[in-house]
Structures are given as structure tokens and as C-alpha cells.
Amino acid sequence: MFERPASGERALLVHIGIGLAADQDQISEFRHLVQSAGAQIDAFITAQRQSPDPRYFAGVGKVDEIAERVAEDEADLVIFDNALSPSQERNLEKRLQCRVLDRTGLILDVFAQRARTFEGMLQVELAQLRHLSTRLVRGWTHLERQKGGIGLRGPGETQLETDRRLLGKRISLLHERLAKVGRQREQGRRSRKKAEIPTLSLVGYTNAGKSTLFNRLTQADVYAADQLFATLDPTLRRIPLGQSQGNGHAVLADTVGFISHLPHELVAAFRSTLQETVEADLLLHVVDAANPAREHQIAEVESVLRQIGAGSVPQIRLFNKIDQIDAMPPRVDRADDGQVSRVWLSAQQGQGLELLMQALEERLAEFGSSHCFCLDSAAGRLRALLHASGQVQAERQGAEGLELEVRLSNKALRRLLKREPELAQALRPGTDGAEGLKAETRMVEEPWSP
């Protein structure tokens, strides 16, 4: 076996198109991904095959060409833009006499560089160990024998079996720790649901501008850069939704970006983080409008959303980076039913943000609005009930009694009025939908007669 260098900065890239010629957008994305990992690109080799070679993935002739280029450039690392099997990686390393990395390993490495929080590091480590568990034999073939000799007779395990056992223990420990973090996240989600605070989740292809938009909407200072997977650790912030009109707040979540052929190990490891997307009330699908491959990226994101169980969550597509498109003004597109379906904006320049906030207020109107109740001084029980059922925004003594401004969703208000008919009489007529809600309550209370 060759000696693995401590670092592999000089990389030779290989893209093997299976059945189709090399796509320039995929090649560009692959280059960007390698640069995000911090490698220096020495050369790029492309090829096309009808099916992968079982031994090397690439053909024997192409592997010889790669070997010659590795020797000529003294490359430290060869990175394939394909998913290689453990045996293919092992065979390529023996033939090329340097480290070989596939697309999955490259993405895992980028994730490992980006993780900053405790949860993020746990998730990345779990994904890496799952990926490594199938490739242990690559580095331990020289130790695959029984321990023996005087004073060395042990449990009868090979070095490979010992490592697999230790790896399994570490994976189990990571599962336990992530389960604990997941329970804490679930507790926060339950609290938001109880308070009926709507949750928005930013999703989209990596480097579409989600973090920049997140910072614009929340005045946060989340790291944002023109690189793949700049955001890895999820962040949640409150944003106002037309507070002057009494619409309260929503919670906005910034999540990890998606990419073509996202490794299954990452999807499984980040399931607790992606649960914020699954249980969101509305998805904000950020699209790089200036990218020629945006339709392909949209399809990839939709595929991952279906994979994690968020395919049916309502969404608005936000076509970002319109400042990079000539004569493209901010605008709102509506679907056939009249609901907002697309918003064209630029998070970097701040264009179209007011249109986005108006669209959010419109789509989230059902999650809460301000209602005014007027109670007499003896209605202490009803006052306590309003405090327990909603968010009391103001309480003052008026000419007719105690006035309370309460933020409630229409669903919660209907449920409350049906349970407490006296509150239907206390609901001020000026409240939006008050008369309709009172009429619904009377229809429930009054028996039907022919």
C-alpha cells in the first residue's frame, strides 16, 4: 500500500459521463465543489461510457491516461465526479498510486469543513462513519489476520473486525446524542405549534442565496458567501409579519442547501435538521434565477423534498439574483387560484423584499390576526381564557369595559367561540370576519327546525 499524504491539495478531476456526453453545467458545478473544498485543480479529464467498468468505473485505457497525468503533474489526489464502489476506489488507488476520492467523499469533506455547531459536527461525523464503514478494508488489508504469539493472543479478532466493532459503537453513540438534540428541537416545534406561530423554511439548491435572504429578512449575521454549502448549521429567527396590522411574527429557518446526487448518508444524518422543513407551514424555495441550469436545480430540490417527506408542504418559489439579469424588475406571479406562487427579487440588492413580505402576510393570514374583545369587569374567567388561548397584545380599560387585543388564528378563534358562546358577544364588530364567525357560532348553537 502507498503512504497516504497528510493533505491532498493538488487534485486531478475526472468526470465520466454514463450514456450521455459531459454536461458543462455539471462540470462547472464539480469544479466549484472542489474549489469549495480548498483543492488546487491541476487538470480535468472527461470521458463517456455506456456503462461503468466493474473494476475501475472508467475504462482501462482512460485509467492509464489518468495514471500518466498523475505521474506527470505529481498530483496528490484524484477526484471522480461519480459514486465509486469501495472495490473501485481500492483498485484505482493501487493503479494510480495516490488517493482517490469520489463525489460522495468530496461532499462529506466540504460538510466537515463547514460544520460549526455541536449538532452539525455530530451529523457530519455520523455521515462520514457510515460512508467509511464500507471502505475500512482499503486501509487494513495488511492487518487482516488473527492476533497471535506469546502474550499477544487476544479475543481472536482481526484488526479489521476490531475497527468495525469500534466504528459500530461510535455510530450508536452518535445516534443517541443526535436523538437527544432531536428531542430538544421537537420540544421547540411543539411550543411554536401550541402558540400557533407559523414556521417558514428556506430551501433550495446550494449557493442560491438563502443565507443572504435570511440576513435581509431577520437582520441576522449568518455567514453567507459565494461558495457551495456556505451554510450547514440550521438557524432560526423571528420575523415580523405586518406588526402594525396585528399579524404578529413568524419563525424563519435557514437550512442546508441541496445538490445533485446528494449522498444518502447525508440525508439520513441530517434528518433531524431537515425535520424543520418537513413540519414547516410554508416553504420558501429559493432559486438562482440567473443560473442557466435553474430548471434542473429546481427538479433536484423537489426530488430531495419528496425524499424527506416535505413534497406536499405549500411553497412559494423565490427567484433570486434578478440583479444579474438585464432589465428584470421585481414582481409577483400568481397561480390560477389567485395565490402567490413566485416572487422575483434580489436579496443582495434588497430589491423586491417588500413584495415578498406582502406575499408572506397574504399566505399566512390564516395563521393569525388581531381580534378585539370587550369584557365587563366580572368576566375574569373569560379574560384568563383569552390569555391562555392566544397572544394578548394589548389590554386597556375602555368606556364599555375591559378591551383586549388578542392575536389568534381563524381556526383557533372559531374553536374558542364555539366552546365559549359568551365570547362571540364580546367580539368587536370591527374585527375582520367577526360577523361571519358569530354567524357560524349561532348556527352551531341553534337547533335546526323545518
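## Model and confidence

This is a predicted model, where local features need pLDDT of at least 70, side-chain atom pairs count only at pLDDT 80 or more, and totals for chains, interfaces and linings use all residues. Residues are numbered from 1 along each chain as its sequence is written, and side-chain values use heavy atoms, with hydrogens and water left out.

Where pLDDT is low, the predicted coordinates should not be read in detail.

## The parallel sheet

Four strands form an open sheet in the order β2-β1-β3-β4, with parallel pairing. Strands are DSSP runs of E, at least two residues long, and helices are runs of H or I, at least four; both are numbered from the N terminus. Two strands pair if DSSP finds at least two bridges between them. The edges are β2 (40-49) and β4 (99-101), each pairing on one side only. From one strand to the next, the twist averages 20°.

Strand β1 (residues 10-18) runs parallel to β3 (residues 77-80), joined by four bridges. Ala-11 stands opposite Leu-77 in β3.

## Helices on the sheet

Helix α2 (residues 60-73) lies across β1, β2 and β3. It runs at about 170° to β2. Angles run from 0 to 180 degrees between N-to-C directions; axes are lines fitted to C-alpha atoms, for helices over the stretch in contact. Helix α3 (residues 86-96) packs on the sheet and touches β3 and β4. Its direction makes about 145° with that of β4.

## A hairpin

Strands β10 (residues 331-334) and β11 (residues 340-344) pair in the antiparallel sense over four bridges. Asp-333 stands opposite Arg-342 in β11. The two strands form a hairpin with five residues between them. In the turn, Gly-338 has a positive phi of about 90°.

## Cysteines

How many disulfides does the structure hold? Zero, with a disulfide being a pair of cysteine sulfur atoms within 2.5 Å.

Cys-374 is buried at 15%.

Definitions and conventions. Contact = heavy atoms within 4.5 Å. Buried < 20%, exposed > 50% of the residue type's maximum accessible area, 1.4 Å probe, protein only.
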